[in-house]
Structure formats: structure tokens, C-alpha cells
Amino acid sequence: MHTLTKQEKGVKIAAYIILTLMSMFAVIPFWLLVSSSFSDSSYAIANGYRFLPQKTSLEAYRYIVSQWDQIGHAYLITIIVTVIGTSLSLLISTMLAYGLMQPGLPGGKLITGLILFTMLFSGGIVPQYMIYSNYLNIKNTLLGLIVPNLLTNAFSVVLVRNFFMTTIPGELREAMELDGAGPYRIYFQMVLPLSKPILATLGIMAAITYWNDWNNALYYITDTHLFSVQQLLNEMNNNILFLANNSGQLQGVDVTTLPTVTMRMAIAVVGILPIMIAYPFFQKYFAKGITVGAVKG
Amino acid sequence: MQSVTQKKIVRANRFRKYGPYYLMMLPGLLYFLINNYLPMPGIILAFKKVNWRLGIFGSKWNGLKNFTFLLSSGQLATIVRNTVLYNLAFIVIGTVLAIAVAILLNEVRSKAANRIFQTLILLPYLMSMVVVSYLAYAFLSVETGYVNNAILPALGMEPIRFYQEPGYWPFILILINTWKGIGFTSVVYLAAVVGISEDLFEAARVDGASKFQQIFKITLPCLKPTIITMFILSISKIFFSDFGLFYQVPKNSGILYPVTQTIDTYVYNALMNQNNPGMSAAAGLFQSVVGCVLVVLSNALIRKVSREDALF
């Protein structure tokens, strides 16, 4: 190692300062969101949302707790959709990739071409919406939240295929075949376990897509029993009294007593809390997923 | 005769060998068929008077009416202009900032500090646009927003009704897009910066090159292929916009449409809110076709610059 020159030291210090500022820039809106949610609502009405509200209150969260059966249900939907969607997405894309990597597979090139062509041209939203809602009837079913996001990026299939090609040892496979193992046993017992790194990376990206999805809900879901957390947030964004209306609690309740300005922020905090807590644990795979998929994604 | 039976045997063996693999590929292939290929013929809806009951093929032909309406209403010009101009702004600002952040991140050799910076700068990218619109509202709301209650009064300025004044939105949307996307793009560039051989810098130091000379004479030239590839890729998507950004963050406010409506939000609004699927399909077709041409052209360009980054 060489010793740092004065200029190199200067650049290093500047890097720390600028990156600290950038990090603050990234985080500050979340701070405002959280502090507003703990603000006293009459204080917020008089002074606006503040980073350090002078009067705090838990009234917004008390309201959320009182509506927990609806919010909890939305969480249940989000979790079901994320788990099933991510697993299915990984399963069908890796099986497709494993089939494609078979040497000498008749039509392999054609199939790869057809898969990549989907990145080039699409029929657009109107026909897709028509096919899903008119012909396949996925409106107001869980499928409406799962199916459209299963393979959003055709390139990931090629990515997995390339990963298989470089990491699956041919000898091991031959040994298993000699022992009489069929393609499916080899796939589940050897290929998948060996592919944990890429499964983790793609899985995280798929899970985030499902967790954050409100777009498909916008097209396919109107039944409030199928509302996910993101759709609930979207609905409350337009109508803060959505939860109250929906539970039929408004009769006899003075709407003006509800802490609507702080409720708005508290529901968003409740919406992002789980992903914020989990984030440090999957950050590594998240960053990896970006570098792997970005350039062609 | 014998050769025919031999061929049959070969074919049967081949089927026995590859049959299970085709079965394995079936769900994925079916998915692409339903999700991507079935809607493709549906682009003809752009030339039809869309009738939900009659479906894609049953709907009556309508000639170019959908397009002429779209053009004469002036909406096509607005949504194409917005889509393209915002994308250009995003590309230029995003690229410059992301490279700067990537170079700075590379200077932070402490693993822990580096990871903390990356984690925080990437955080906004993790959030859905619905959440982003809540965050924006906390700043921009007329009644309770931070800008209107703390910043503007401190400057002695009147409150601004952001959700009703188009003039501010180009700035707001560019700021929010940069805030959300900067982590993503800088992580991509960081991967390229990290890949530059340390020997180059060592040699430059021996020659007495300053830090800035190293950045401008080594780092940036080494990043050139990545920059060009990313640039061409963004250009290929220049007719596509982030639906969430333009729909959620301005809260789909009609007054703001002249500066917030892009092709994607128009397609959605015409389809779902204005019950105008024909014009929606027409705008969609325009996007698909022009988008496709641009991807093909861009790919040809990328092949020339750096072969392994080409899509096909």
C-alpha cells in the first residue's frame, strides 16, 4: 500500500461528505413521514408536517389498530401473493432455463428467440387487459395479482440458463444419471440446490415486484376483500376515509374527529415497515440483482 | 426401408431423451404464449371500434379513426413530447449523477461505510410509487405539506397549490425520479468502476498523475462502453415512461395533465377512466411499434460498441 497524498486524502474526505449528504437526501423524506405520523393531528393541521413535531400523539396508530382487521387482511393478501408469485415465478423460469440449456435440444434456438422477441415487441396494455379480463377471467381473483407479474423480464430466463451452463458440473450430472436419476430428480436434487445464489437474487427481485405491486390491482381488482397493502395505500391516497367507509363505521361517527392528516402518514408507515425491517438482510442480493439484470432489464 | 425404421428409432430415442425437458419447459412457454403472444394480434384493436362484448376479432373495423382523433385532439403531440423530454432529462441527469456517486463510492474503501452508503442511497428504489406519492404529499400538500408550512413561510413566500399548478411539475418529477433512481444507476456504474484494473491507477500514480487526472484519464474512458450501452438502452425505451411516477405522484390530477401525462398514463386513463379503449389502443400501438424499431436500431448500435452487451 502506498501512503495517501494530500490530494487523495482530500478526495476521500470529500467522498465521505458528499455520500453522507446523498444518504441524508435519500432518507429525509422517510423521517418526515414517520415524524408526521406521530404528530398530534391538530398540531399538524395548524403547523403542517414537521420533522420534530412539538406535540406528539398516538391517535393515528390507535385508529389503525382499531381498523386492524382490514389492514391485517390486506397484509395477508400481500403475503400470499408474494409467496406464491415468487415461488411460481422462480419455478417456471428455472425449469424453462434448464430445458433450454440441454445440449442439442431440438428447437432450442427458436425457443430462445421467441422468448427474447417478447422483449422487443408487445401487443400493449389494451389487448393484454382484454385477454386477461374477457377471455381468462382473472378479474377479482388472486390470479389477477399473481399471473401478470410471473415473468416480467424474459431476459432472466437467459440469465438463469447461462448460470446453469457455467455452474452445473457435467460429471456430477452424469454420475446421477448412471445411478438412474431422471431429469426431474436431477433438477430438484442437484440443479436447484447448486443455484442458490441466482435463486436468491432473482427471488428477491420477484418478491419486491409482488410486494410493491399496485398496478395489476388497478386493472384487475375491485373487490375490497382482495385488496393488498399497496392497493389499500393507493385507495387511502384518494380517499382517506376508505377504511372507515368500508367497515361501515361512519354511521353515527363524527368524521371530523378522525385524525385524518396523521392517519394518512401512519398508514404509509405501517405499509413500509416490514420491507424496511427486512431490507438490511437482503440488501446484498438486491444490489446484486440490480447489477446482474440492469443492463439488459 | 431399413433407414426409415432407423430414423423412427432415432426419433423415438430423441423424444424419450428430450420429452421430459419439453414438459419441464411447458409452463414457462405457455406463460409467454398467453401473456405475450396472445395479445400481439390484439394490436389490430387500434384500428377497431372496441366493443368489450365482441372481443378483439369481433369488434368492427374503424379505419384510422382512432389515430385521427388522437392526433386532432392534440393529445398525441402532448403525451409524446412529455414522454420523450422527461426521459431525456432523466437520462442526462441520472447518468452524470450516478457516475459521480459511483466514483465516490469507489473511494470509500471501508467495507462497512461503503455498505451503509449503498444501503441508504438504494432505499428509495425499494419503495413502490404509491409510497413515494405519500412521501411527496408530506412535502407538497397545500394544507399540511412541509414546503408550504415551513420552507415558504420562512422565505416570506405565499403557499403554493402544487397539485393544481402545472409549472412546478417538471422540476418535481425530475427531482423525485432522481431521488428514487440514483441508487439503482450508481450501483450499475459502481460494478463497472470496481472492474477497472488497479494496475492502471498504480501506473498513473507512479507517473505522478493527480486524482482528478486519474478520474478523467482512466476511470471515465474505462466506463465509456458501459455509459454508451446504458445510454443506447435508455434511448431504446424513450417512448416508455414509468407509469407509477406520472400517475401516482401527481395524484392523476387532471389540471396537471399538460405536463404530467405520458403515453403510459394516457393509455391507462383512456382505457380505464374515460372508457375510450380505441384511442388507448392507438396510443399503445404507436408506443409498441416505435419502441420496437428503436430497440432494434439500438441493439444494432450496441453490437458495434460492445458485442457482449447486445441483447441479440
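In this predicted model, the buried residues of helix α7 of chain B pack against α1 (6-37) and α2 (41-47) of chain A, together with α6 (129-140) of chain B. Here a residue is buried if 20 or more other C-beta atoms, placed from the backbone, lie within 10 Å of its own, and helices are DSSP runs (H or I, at least four residues) numbered from the N terminus, as are strands (E, at least two). Residues are numbered from 1 along each chain as its sequence is written, while chains are lettered from A in the order in which they are written. Because the model is predicted, local features need pLDDT of at least 70 and side-chain atom pairs count only at pLDDT 80 or more, whereas totals for chains, interfaces and linings use all residues.

**Helix α7 and the two chains**
- The buried residues of α7(B), which covers residues 146-154, are B:Y146, B:V147, B:N148 and B:N149.
- Just after α7(B), B:G156 takes a positive phi of about 75°.
- In total, 82 residues of chain A are in contact with 80 residues of chain B, two residues being in contact if their C-beta atoms, placed from the backbone, lie within 7 Å.
- On the side of chain A that touches chain B, α1(A) gives the most, with 17 residues.

**Two packed helices in chain B**
- Two packed helices are described by the angle between their axes and the distance between the axes.
- Helix α4 (residues 75-107) and helix α10 (residues 211-236) of chain B pack at an angle of about 145°, with their axes 11 Å apart, where axes are lines fitted to C-alpha atoms over the stretch in contact and angles run from 0 to 180 degrees between N-to-C directions.
- The residues that make this contact include B:N87, B:I91 and B:T95 of α4(B), and B:I215, B:T219 and B:L223 of α10(B).

**Chain B as a whole**
- Chain B holds 14 helices and 2 strands, and its C-alpha trace spans about 90 × 60 × 30 Å along its principal axes.
- The radius of gyration of chain B is 26 Å, whereas a compact globule of 312 residues would have one near 20 Å; this radius is taken over C-alpha atoms, and the globule rule is 2.2 Å times the number of residues to the power 0.38.
- Buried residues make up 40% of the 312 residues in chain B.
- Chain B is divided into domain 1 (1-30) and domain 2 (65-309), with bounds that come from an automatic or database domain assignment, and the C-alpha centres of these two domains lie 48 Å apart.

Technical notes. A residue is buried if 20 or more other C-beta atoms lie within 10 Å of its own, exposed if 12 or fewer, and partly exposed in between; C-beta atoms are placed from the backbone.
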